[in-house]
Amino acid sequence: GLHRQHGKQGAGGGGGGAKGIYAKLTIAVVVLLICTLSLLFSATIGGNRGSLEPSEINAEELWESAKSSGWRPSSAPRSDWPPPPRETNGYLRVRCNGGLNQQRSAICNAVLAARIMNATLVLPELDANSFWHDESGFQGIYDVEHFIQTLKYDVQIVESIPEIRKNGKTKKIKGYQLRPPRDAPIEWYTTVALKKMQEHGAIYLTPFSHRLAEEIDNPEYQRLRCRVNYHALRFKPNIMQLSESIVDKLRAQGHFMSIHLRFEMDMLAFAGCIDIFNLEEQSILKKYRKENFAEKRLVYKERRAIGKCPLTPEEVGLILHAMGFDNSTRIYLAAGELFGGERFMKPFRDLFPRLENHSSVDSSEELVTNTQGLLGSAVDYMVCLLSDIFMPTYDGPSNFANNLLGHRLYYGFRTTIRPDRKALAPIFIDRENGRTAGFEEAVRRVMLKTNFGGPHKRVSPESFYTNSWPECFCQVSPKNPADKCPPDNVLEVLDSRLENKVTSDPETLAEKNSTSRTER
């Protein structure tokens with residue numbers, strides 16, 4: 001019968017052959033369409049789970065620093081950088097508001113502003129009332145002598161504006177008060193601020209938080225910020241000793257990780273993440289938000305879906321567990337009072353029972369009495385800086401987390417775990433809705449795409465204080481000459497310039513000679 005059919009098709013000419021080809025093509029298209037729909041259906045069912053190929057994160061390798069790709073930290077000047085002249089345009093006073101780390105970046109900006117204006121910087125004032133209610137001040141937290149000495153090649157610094165004698169009378173210079181624009185450009189300082197300084201002899205900039213643009217097209221200015229942040233701003237010896245003591249106790253039993261658990265009332269209220277709490281707690285958060293932040297309609301489900309909520313303690317534990325960390329992992333918690341209490345901590349503690357904070361590791365009276373002030377924050381900062389791994393749970397507007405990320409990068413590309421909250425949100429929402437299949441695999445896939453502390457390009461909204469690469473890093477054998485490390489004797493060169501400036505200054509020479517004759 002088949003033979004007879006083929007014969008008939010041949011006798012029938014080209015029309016039958018064309019129909020046969022058409023039929024085969026139709027079948028092929030249908031099969032292809034079915035395969036395509038099948039693949040799309042599989043992808044839909046998989047949701048955020050991705051492909052079925054396993055992903056791997058080696059938790060053991062994360063205890064080591066990230067790969068540097070030949071880069072190393074360097075904030076020394078690489079071009080002509082003259083020492084500050086003896087005669088300046090006047091005195092610059094600033095009041096740094098906010099918490100410890102917001103104040104820290106403000107101090108960096110104050111030094112740079114003084115350099116830009118050729119001004120003498122008065123030791124920055126730390127606002128005691130707006131945040132910490134702590135009267136420690138700059139002298140109570142930082143090593144003043146080290147600060148002034150480290151920056152001697154950059155700016156002149158005094159602890160207070162000296163009194164002047166005029167017409168036989170002693171007179172104090174009162175700084176002309178100015179409120180700088182937020183993220184003010186350099187031009188504001190070289191025009192508006194400088195003019196007032198020259199008119200009055202001194203200016204007082206208040207408040208001084210985020211009052212100088214971060215992105216400045218001058219690598220030397222950016223390196224000055226790094227010199228202040230990572231070299232000049234050293235905590236007082238008692239804080240350093242206390243921090244090192246805690247780190248030694250933690251490390252005596254092996255590696256340890258630090259986590260900035262930002263599950264606190266102010267951040268939850270700021271983010272508008274309140275629906276997971278009971279009615280009484282929601283009322284507290286709403287009241288705090290109304291009193292401290294601008295009115296804005298925030299819908300929890302929408303905020304959560306785009307990763308705008310701080311991770312809960314349980315979510316932190318689930319991420320670490322998915323990455324391969326087990327319940328023997330020792331974790332230091334840097335946090336204030338966690339909102340919601342133990343019911344939010346219990347799931348995390350069940351996964352990782354070896355949780356510590358500065359009070360549990362060191363119960364010294366000095367620390368216990370100051371845990372809510374600048375001292376407690378300074379100790380937390382140093383312990384997190386020195387830990388093997390650091391994990392922020394909310395690095396949006398958190399100055400503590402952002403500054404630490406930048407400092408750890410500069411400190412030798414120390415490992416950081418930065419959860420992508422936006423990418424993780426649908427995975428956690430699926431889990432809460434009972435869709436748990438492939439949960440850990442999905443978490444690992446998201447985490448594999450994050451940076452674990454190595455050099456990477458700074459992309460807005462990432463802050464310069466979070467990532468000072470490449471300005472504050474160099475390479476011994478670079479592809480780009482601008483990235484070449486300065487000579488090893490760079491400090492000797494700067495010392496020589498400073499000495500030449502002093503010896504060439506007639507007034508300074510006269511003072512030296514006068515002192516010499518008096519001593520003889």
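Colleague: Where does Lys 171 sit?

Modeller: Lys 171 lies in strand S7, residues 169–171; strands here are DSSP runs of E with at least two residues, helices are H or I runs of at least four, and both are numbered from the N terminus. This is a predicted model, where local features need pLDDT of at least 70, side-chain atom pairs count only at pLDDT 80 or more, and totals for chains, interfaces and linings use all residues. Residues are numbered from 1 along each chain as its sequence is written, and side-chain values use heavy atoms, with hydrogens and water left out.

Colleague: Why does Lys 171 count as partly exposed?

Modeller: Its relative accessibility is 47%. Buried means under 20% relative accessible area, exposed over 50%, and partly exposed in between, with a 1.4 Å probe and protein chains only. So Lys 171 is partly exposed.

Colleague: What makes H13 and H20 roughly perpendicular?

Modeller: H13 (residues 313–323) and H20 (residues 439–448) pack at about 85 degrees, axes 9 Å apart. Axes are lines fitted to C-alpha atoms, for helices over the stretch in contact, and angles run from 0 to 180 degrees between N-to-C directions. Under 35 degrees is roughly parallel, over 145 roughly antiparallel, 65 to 115 roughly perpendicular, the rest oblique. Therefore H13 and H20 are roughly perpendicular to each other.

Colleague: Which residues of H13 and H20 meet?

Modeller: With contact meaning heavy atoms within 4.5 Å, Leu 318, Ile 319, His 321, Ala 322 and Met 323 in H13 meet Phe 439, Glu 440, Val 443, Arg 444 and Met 447 in H20.
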